[in-house]
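Please keep the sequence and the structure in view while reading.

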Number of protein chains: 2
Amino acid sequence: MSSLKGGFTLPGESGKEELTLELAGKWGADVIRDSDGTQLSPRLLDAGYDIYSTICVIRDHNTWAKAHPDCLQQTFLCTKERIAKKGTLAIRLMEDFFEKQFKINETPEALSYMQVYDRTSETLLSGDVWDYKDGRVLLHDPAPFHAYTVSFLCYRIWEEINMYNHETNHWTSEPLLPIDPRKEETRDFLLQWMENWCQTHPQTDVVRFTSLFYNFVWIWGSSEKNRNIFTDWGSYDFSVSDRALSDFEKERGYALTAEDFINRGNLQVTHMPPTQHKLDYMDFTQKFVASFGSKLVDIVHRAGKKAYVFYDDSWIGVEPYGPYFQSIGFDGIIKCVFSAFEARMCAGVPVETHELRLHPYLFPVGLGGAPTFMKGGNPTRDAKEYWRNVRRGILRQKIDRLGLGGYLHLVQDFPDFVDYMEKILDEFRKIRALHDEGTVWTYPITVGVLHSWGNFRPWTLSGHFHETYMHTLIHINEALAGLPVGVRFLSFEDIRGGVPADIDVMINAGRMGSAWSGGAAWQDAETVASVMKWTWEGGVFLGVEEPSAVEGYYDVFRMAKVLGVDEDLGARVCHGKPAAAETPEKGLIPEGTRLIARDNVYLTEEDARVLAAVDGRPAVVSHGFGKGKGIYLGGFQYSPTDARFLLNLLLWATGKGMDNKYLTDDPHMECAYYPASKMLVVINDSAERRETDIVTDDGTVHTVLDADETKFISLGNTSDSQEQIHGTSGIERQDKD
Amino acid sequence: MSSLKGGFTLPGESGKEELTLELAGKWGADVIRDSDGTQLSPRLLDAGYDIYSTICVIRDHNTWAKAHPDCLQQTFLCTKERIAKKGTLAIRLMEDFFEKQFKINETPEALSYMQVYDRTSETLLSGDVWDYKDGRVLLHDPAPFHAYTVSFLCYRIWEEINMYNHETNHWTSEPLLPIDPRKEETRDFLLQWMENWCQTHPQTDVVRFTSLFYNFVWIWGSSEKNRNIFTDWGSYDFSVSDRALSDFEKERGYALTAEDFINRGNLQVTHMPPTQHKLDYMDFTQKFVASFGSKLVDIVHRAGKKAYVFYDDSWIGVEPYGPYFQSIGFDGIIKCVFSAFEARMCAGVPVETHELRLHPYLFPVGLGGAPTFMKGGNPTRDAKEYWRNVRRGILRQKIDRLGLGGYLHLVQDFPDFVDYMEKILDEFRKIRALHDEGTVWTYPITVGVLHSWGNFRPWTLSGHFHETYMHTLIHINEALAGLPVGVRFLSFEDIRGGVPADIDVMINAGRMGSAWSGGAAWQDAETVASVMKWTWEGGVFLGVEEPSAVEGYYDVFRMAKVLGVDEDLGARVCHGKPAAAETPEKGLIPEGTRLIARDNVYLTEEDARVLAAVDGRPAVVSHGFGKGKGIYLGGFQYSPTDARFLLNLLLWATGKGMDNKYLTDDPHMECAYYPASKMLVVINDSAERRETDIVTDDGTVHTVLDADETKFISLGNTSDSQEQIHGTSGIERQDKD
């Protein structure tokens, strides 16, 4: 098996041709890629490898952009509140913002979208009580000690990824301007440019788009101490413009306003349930992105090349599970990954090729500025850690390719990294081969994760784990990504008329009011009754943190009668509550599980069973409801142990039992079974040597794994299997290669 | 001074006449009281002491009550939710409730108030889709898997204090029925009974009412494991009846419904802001209680006796700061106390005599069933602890009398308690004399505590400290009760048109949505602008926990621009936030102060100063706003040290400086200065020996106090004072008695 090659994309480095070709051989690469802004030398282009070329279509056209300043991308901004005292209030619009990023759009079309709000009374001011002049709004007769804001359209004069790299790495190159394909001139220019690009890159096999047109929102402020004002990897703010707004109005029959984006200064974060206006605008934008994106992809295809999307940065409107994604025509998706959930998100996208760009990036510094490929760095440790996370996901669903990014020469000082990468790639290819031979075994349990976005945003929330760790659901998704169960993502629309028949366990997890808990969706009586009915008839409703929570009803958790717990927002502080006396279930909660209890969450039903409590507050609660069950967790934080706890809960709540087959008896280890190959893959999720028994249909397997090890054990080719079936610590059966 | 006598009420015990009279002498009593249900013997009645007699007017009339079952007190109850499945849903109304406490009121008038709600859709069902029969509601065609409740009027067939004592102490006497003076027959009966009572109690000097007619709400459930369904010491549920509702409708011109009381199962807890319907009903009830209460007091007065109210149990509508209280005509108020805030609440009531009923109660067991006057108990320790709490309040405002309650013979086995009480009483009389000579010295700082109830509920929230400890404000009130500053309680009405000129610091403290934080009152733009203006012009707004918090605006804390912090309810999770870097202020935060930071509270202003942080979250923040300042505390828990922290904050924020006069330099000690007497009273709030320097206008005083000690130091009668003024550790000047 280790002789298998391919499935790996190497970042080539011109001037380091020997190293590039040596590592291509050692790591079994079949593709060499360039990076944004670099070019591969003829020797590399001609070395017999497939070639990926990276492009980011909306930047790197500064000459054209400067000649067409009205074609720059835009966004809405809203000043901070200004408190009026006596007399005229002058508000300088750019006071709060980074002047190298934004420039007020002073065209009449854009100014017509300007809004001045009294935020104390939360009322929009009529246009005749204020004037805009020279970057300021003058408010003539404000109410004393009321707070005012101005929302306005501005051009974005620095593409944000370029800006970030510039500012972080003290680059001196000219800032790149982002151009907006909403304008016909831009589209014409880009089509021509794309044609030309294809003609001038005959050796490129795959065009790697990063991603299409609109970056996730990233608003910088005027304060050097506090540059980041707003970032959200899923928000659409950077796709808006006066043209987009007028096109929207024509297409949808109603006008959006600045406040639809500004939303009382909150902006429209992905972690909160969308308004209908936002949903309409997203759909409008997705359609546009897909429509023009497909034209570029068509050019690529006509040039005999493939088009892959590197799903990062300018990914707004490119959501790969969205309704228009397939119409773009991408042949592959490349996803940079730190976590298992990202591997699963990539693996399920309806394209031919699924590639993961591994970490660490070949760069001197890594996440948060920590040293990687430099003195003080330990890239092998980092690689092990990321692989430990990602591997669980790859075991569950097929990934076609892996890749790296960055400067290849940096690995020269880290030979152990070079060796470790070879090991990872061998493991990956073995796992890929198993997927090719047949489907991985899972328990007959389908989990439906219920949230506002449903399958439009499966697995990921908005960005990577380290950007979304404060949301409970990402911890649950990360756990699920490596568990031997089926997983689906459900929107409230999906369950309103009845929960789909294949769902065994429904998970709803998050803060009250968030997109992950569901917010106002739980006001709908039909939704509530639908989940009640489904649970009563045998479903398991697993609620975490503030599930189904919404104000204004008898219960705060609308599933309180199912869960047996509710949250007191203050109105029930004088109500009696049953004591949370613990009645543990043997084997359910592995040692080391992080139990989390919330203040003000209390038992509502005397027959609710507290499986674990923290300081007298319920942390894990089970409550029978008809033939079904409610399970409540105060919180959940991902770790291998906590993932096992979640799996135990799923098995226990659905009556499957926790002493089950294809389970390691050490929660720091996991296994995946491939029936077609009769191959058991055991992984050690920890940095210590571990051992486990695993009950299989072919007997109990005992095995010992080194730290981080992946072991392939064949269950099919031993003649003495009869003997081992009954042994409680059967001898270890190694794979043969 | 120790020869002073009087100001003390002793509980007499018949059969223990010798002991009673001996202790009356030792403790300097001038009054002997009976207890509810006991009678003093002729020897005690004739011993030359004033006599208090305890009455609770609405119980102890079982013969009459049984003959007038329609005159029993009532309440609304609401069943728990019942989930409909298929076909008719039958709901047994009493299933959730203690059948010895309640009986469904089946009169047509009462049944007309019955309401059936669909709690899933939160809609009231029309009367033609359900029937009531034999204690059940039959709902003919419910929506499957919707939850339903029934709200109904019932008679209360066991007066709750009697019920509690019965059940707790296994009494065997006949349960007492509570009668309702809303009915004219009841009023006629009670007037006659009161006349008769006065005639048959010629030796009574003071009739001690407990309190008037309606007990605080205390709903018991059917489950023995979980009897307490709802208790709130301030709620009006037990004053309602079909008669009260029809009278209300006549008087106010609109009808109340069951849901006005049931409030989606929450009921109307004092800790939440009142609805206008609730305020109307409270006013209606207060007027009635005062009107009929004054008739009983008139009878007492005509009999030549005084009428004191023991402010406990049936105190609904008797709120001593309410608009009708003075019209009742009480001559005194007696308040049982555990805490300083209760002493302050009592001291400010507009009556002639203010008496505190001290703890421990002379009973074998005390709070929470802990032993007191029995084996294993330590009543002296308990008395010290309570006195340590209460003494701080008595130093700040005059209390006229102290008293005890319970069975006097129990003290016989605890001679140290007898001695300690003598000491307490001597201290008390000395303090009282100082108040008589002139006002206690305070800093020129007036604190306004802002909440929904304002001066209608000053100091107390709803019950004792140990019943309300989960509310931050009671901790603040307890701290303020002993601090040398002026304190007022403000409602939102009081500040809407402008904050009163004498307020230097405004405190708003509590959970979002609670009566203490203010809830929807903060939606009002005029209120917000009023507090903004006042702060800008020099006020200090001190916000604790979730001050001024309400949803639906640009800021969650409406005072965010003042405080420099806000709370993220989820919508701002992707907003950048200034780092909470600590810049401590020397001397501001005493060692041992309990710093509390809240999840999701973040800095909004870069110029906000983080005085203390916990795990990177802001705990104490100061922010300049015009000439004024915002101060934010994540929380506050009372202790002597934390009280000193609060005082330091008040001094520092108002620019008074923390190295100030009449301050102990040990935060476990406090002092009060009485300029008219030139007397400094120093107290040790701890159980250890402590020493302190105190800067006074007559020099620095150094003194050492034993655990719990109270020391009276005269600053006026030494001839060598000149020398001591300049000493940093001037010799100790003891009081002379």
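In chain B, helix α11 (residues 340–347) and helix α12 (residues 379–396) have axes that come within 7 Å of each other and cross at roughly 35 degrees. Helices (H or I, at least four residues) and strands (E, at least two) are DSSP runs, numbered from the N terminus. Axes are lines fitted to C-alpha atoms, for helices over the stretch in contact, and angles run from 0 to 180 degrees between N-to-C directions.

The model is predicted: local features need pLDDT of at least 70, side-chain atom pairs count only at pLDDT 80 or more, and totals for chains, interfaces and linings use all residues. Residues are numbered from 1 along each chain as its sequence is written, while chains are lettered from A and ligands numbered from 1 in the order in which they are written.

**The α11 and α12 pair in chain B**

- The crossing of α11(B) and α12(B) is right-handed; a crossing is left-handed if the near helix is turned anticlockwise from the far one by less than a right angle, and right-handed if clockwise.
- On the α11(B) side, the contact is made by B:Ala340, B:Phe341, B:Ala343 and B:Arg344. On the α12(B) side, B:Asn389, B:Val390, B:Arg392, B:Gly393, B:Ile394 and B:Arg396 take part.
- Two residues are in contact if their C-beta atoms, placed from the backbone, lie within 7 Å.
- By class, the residues of this contact are 5 nonpolar, 2 polar and 3 charged. Ala, Val, Leu, Ile, Met, Phe, Trp, Tyr, Cys and Pro count as nonpolar, Asp, Glu, Lys and Arg as charged, and the others, Gly among them, as polar.

**The α11 and α12 pair in chain A**

- Helix α11 (residues 340–347) of chain A packs against helix α12 (residues 379–396) of chain A at an angle of about 35 degrees, and their axes are 7 Å apart.
- α11(A) passes α12(A) in a right-handed crossing.
- Here A:Ala340, A:Phe341, A:Ala343 and A:Arg344 of α11(A) meet α12(A) residues that include A:Val390 and A:Ile394. The contact of α11(A) with α12(A) holds 5 nonpolar, 2 polar and 3 charged residues.

- Helix α7 (residues 242–252) of chain B has B:Ala244, B:Leu245 and B:Phe248 as its buried residues. They lie on the same side of α7(B) because they cover an arc of only 100 degrees around the axis; the arc is that of the directions from the helix axis to the C-beta atoms.
- A residue is buried if 20 or more other C-beta atoms lie within 10 Å of its own, exposed if 12 or fewer, and partly exposed in between; C-beta atoms are placed from the backbone.
- An α-helix has 3.6 residues a turn, so residues three or four places apart point the same way.
- The exposed residues B:Glu249 and B:Lys250 are on the face of α7(B) turned away from its buried side.
- The cover over the buried residues of α7(B) includes α9 (276–302) of chain B.
- B:Gly253 follows α7(B) and has a positive phi, near 85 degrees.
- In helix α5 (residues 160–169) of chain B, the buried residues are B:Glu160, B:Ile161, B:Asn162 and B:Met163. What covers them includes β14 (217–220) of chain B.
- Just after α5(B), B:His170 takes a positive phi of about 55 degrees.

**Backbone features in loops**

- The peptide bond joining A:His359 and A:Pro360 is cis, with omega about 5 degrees. A:Pro360 is in the loop between β18 (353–357) and α12 of chain A.
- In chain B, a cis peptide bond runs from B:His359 to B:Pro360, with omega near 5 degrees. B:Pro360 is found in the loop between β18 (353–357) and α12 of chain B.
- A:Asp60 is not a glycine, although its phi is positive, about 75 degrees. This residue, A:Asp60, lies in the loop between β3 (50–55) and α3 (62–67) of chain A, and A:Asp60 is partly exposed, with 18 other C-beta atoms within 10 Å.

**Contact between the chains**

- In the meeting of the two chains, 50 residues of chain A are in contact with 50 residues of chain B.
- On the side of chain A that touches chain B, α17(A) gives the most, with 6 residues.
- That side of chain A has 22 nonpolar, 17 polar and 11 charged residues.
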